[in-house]
Amino acid sequence: MPENKEQVRAAMICCKYSGFETRVRSGGHDYEGLSYISYKPYCLVDLSNLRRIDVDVQRKTAWVEAGETLGELYYNIANKSKTLAFSAGTCPSLGVGGHISGGGQEQLIRKYGVAADNVLDATILNVNGTILDRSGMGEDLLWVIRGGGAASFGGVLSWK
């Protein structure tokens, strides 16, 4: 349960060099069990301590770390603005990281699309221990991690 990005990096590099697979969980729940099922030894990196949210009302954007829950995201947006919202799910205990990387279906889908449709940027820790944003990872990887199961390509640390 790392407390910051550097601890996530250290855990993932340690796993790589120790021969362990890495499973990343954003801290909510996992209906499919993908974060804790493996056919070989693995390490579970739980991102539930990464909970920073920075809402920019002027730009109508927010950076949210993967360990935040949907309920906390909604609460923080509502405290900053009475007119802004985010198109995401109905379960307040669901971790943002897994929800968005799985697509993020919810009740405003017809008008605003799924949560992944509204992603502008992300930070991901790749298998080499490098933290990349949109400019560093490129458009193809950003497109893939928005709904394609980001854990296959590294660990998403935050979403914009």
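The predictor's confidence in each residue is expressed as pLDDT, on a scale from 0 to 100. The structure described here is a predicted model, in which local features need pLDDT of at least 70 and side-chain atom pairs count only at pLDDT 80 or more, while totals for chains, interfaces and linings use all residues. Residues are numbered from 1 along each chain as its sequence is written, and side-chain values use heavy atoms, with hydrogens and water left out.

The mean pLDDT of the protein is 84, and 83% of its residues reach 70 or more. Helices (H or I, at least four residues) and strands (E, at least two) are taken as DSSP runs and numbered from the N terminus. Among these elements, the highest mean pLDDT, 95, belongs to strand β3 (residues 53-56), whereas the lowest, 66, belongs to helix α4 (residues 109-112). Where pLDDT is low, the predicted coordinates should not be read in detail.

The protein contains 5 helices and 7 strands, which follow one another along the sequence in the pattern α-β-β-β-β-α-α-α-β-β-α-β. Of the 160 residues, 41% are buried, where buried means under 20% relative accessible area, exposed means over 50%, and partly exposed lies in between (1.4 Å probe, protein chains only). With contact defined as heavy atoms within 4.5 Å, residues 24 or more positions apart account for 49% of the contacts that have a separation of 6 or more.

One of the buried residues is Asp 46, with a relative accessible area of 7%, and this residue is found in strand β2 (residues 42-46). Its side chain is joined to that of Arg 25 by a polar contact of 2.8 Å, and a polar contact of 2.8 Å also links the side chains of Asp 46 and Ser 48. A polar contact here is a pair of N or O atoms within 3.5 Å; within protein, one must be able to donate a hydrogen and the other to accept it, and residues adjacent in sequence count only if both atoms are side-chain atoms. When neighbours within four places in sequence are left aside, Asp 46 is in contact with Met 1, Pro 2, Arg 25, Ser 26 and Gly 27.

A disulfide is defined as a pair of cysteine sulfur atoms within 2.5 Å, and by this rule the count is 0. Cys 14 is in no disulfide, the nearest cysteine sulfur being that of Cys 15, 5.8 Å away. The sulfur of Cys 43 lies 3.5 Å from its closest cysteine sulfur, in Cys 15, and is therefore too far for a bond. Cys 14 is partly exposed, at 49% relative accessibility, and Cys 43 is also partly exposed, at 26%.
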